Amino acid sequence: TAEPGSPYRVVLLGASGVGKTAFASIFAGAADSMDSDDCELCGDEVCEREIEVDGESATLTVLDTWDSETGIEWAQECPMQRGDAYLLLYSVTDRASFLRASELRIILRRFRPAQHTPIILVGNKCDLVRRREVSVSEGRACAAVFDCKFIETSAAMQHNIWEAFHGIVRQLRLRRDSK
Ligand code: GDP
């Protein structure tokens, strides 16, 4: 329920090692060090930044906080940090992280009634072609079941990272405009 102009909170979630920190670093800007001007909320990494999407600026606060193991407690103990939107990451090279993304989606549904919360399922590390364990069509099918958008990315190649953030903003605006 963000007011127009107030920052949207975007939470990165996924198993450890899928690329959340890499995503947050790209968002923060390669030149900035992540720990320079970050505010500290609940002791986690936070980065706020204004980006332009479709000719309109939006302020996003990206939270790289949801550790796979502690995520459930985090959402209960720190309700102020609940996201307006979520990037649900897995690594295409790690089937366990893909299964974990499904579990997290189910947990998230309890906190966030489905239809109103933008979620994008993100298959990261698509540059690692030979180590791929999860196909594009599996990712797409999973997103269809979970009724969320889907994108494959490579933080290493900086491929589709901004498309993911822009996609979140577009969904947040659709939700805002339909109120
Ligand atoms: P986190 O635990 O989810 O925060 O994952 P990290 O961002 O720390 O990434 C884990 C490891 O995967 C690091 O060594 C990253 O450099 C690497 N990594 C992250 N994204 C990519 C990617 O798109 N492609 C490749 N090849 N490596 C990646």
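This is a predicted model: local features need pLDDT of at least 70, side-chain atom pairs count only at pLDDT 80 or more; totals for chains, interfaces and linings use all residues.
Local features need pLDDT of at least 70 and side-chain atom pairs count only at pLDDT 80 or more, while totals for chains, interfaces and linings use all residues. Residues are numbered from 1 along each chain as its sequence is written.

Helices (H or I, at least four residues) and strands (E, at least two) are DSSP runs, numbered from the N terminus. A residue is buried if 20 or more other C-beta atoms lie within 10 Å of its own, exposed if 12 or fewer, and partly exposed in between; C-beta atoms are placed from the backbone.

Strand β5 covers residues 119–124. Six of its six residues are buried, so β5 is largely enclosed by the rest of the structure. Both faces are covered. Ile119, Leu121 and Gly123 are buried on one side, and Ile120, Val122 and Asn124 on the other.

Two strands pair if DSSP finds at least two bridges between them. Strand β4 (residues 85–91) pairs with β5 in the parallel sense, over six bridges. Tyrosine 90 has glycine 123 of β5 as its bridge partner. Strand β6 (residues 149–152) also runs parallel to β5, joined by four bridges. Here isoleucine 120 is bridged to lysine 149 of β6. With helix α4 (residues 136–145), β5 and β6 make a right-handed β-α-β unit. Right-handed means that, with the strands pointing away from the viewer, the path from the first strand over the helix to the second runs clockwise.

Lysine 125 is buried, with 26 other C-beta atoms within 10 Å. Aspartate 54 is exposed, with 9 other C-beta atoms within 10 Å.

The ligand is surrounded by 15 residues, each with its C-beta atom, placed from the backbone, within 6 Å of the molecule. The closest are Gly19, Lys20, Thr21, Ala155 and Ala156. Helix α1 (residues 20–28) gives the most to this shell, with three residues. By class, the shell has five nonpolar, seven polar and three charged residues. Ala, Val, Leu, Ile, Met, Phe, Trp, Tyr, Cys and Pro count as nonpolar, Asp, Glu, Lys and Arg as charged, and the others, Gly among them, as polar.

Helix α5 (residues 161–177) has 17 residues. Its buried residues include Ile161, Ala164, Phe165 and Ile168.

Definitions and conventions:
The expected span of a helix is 1.5 Å times one less than its number of residues.
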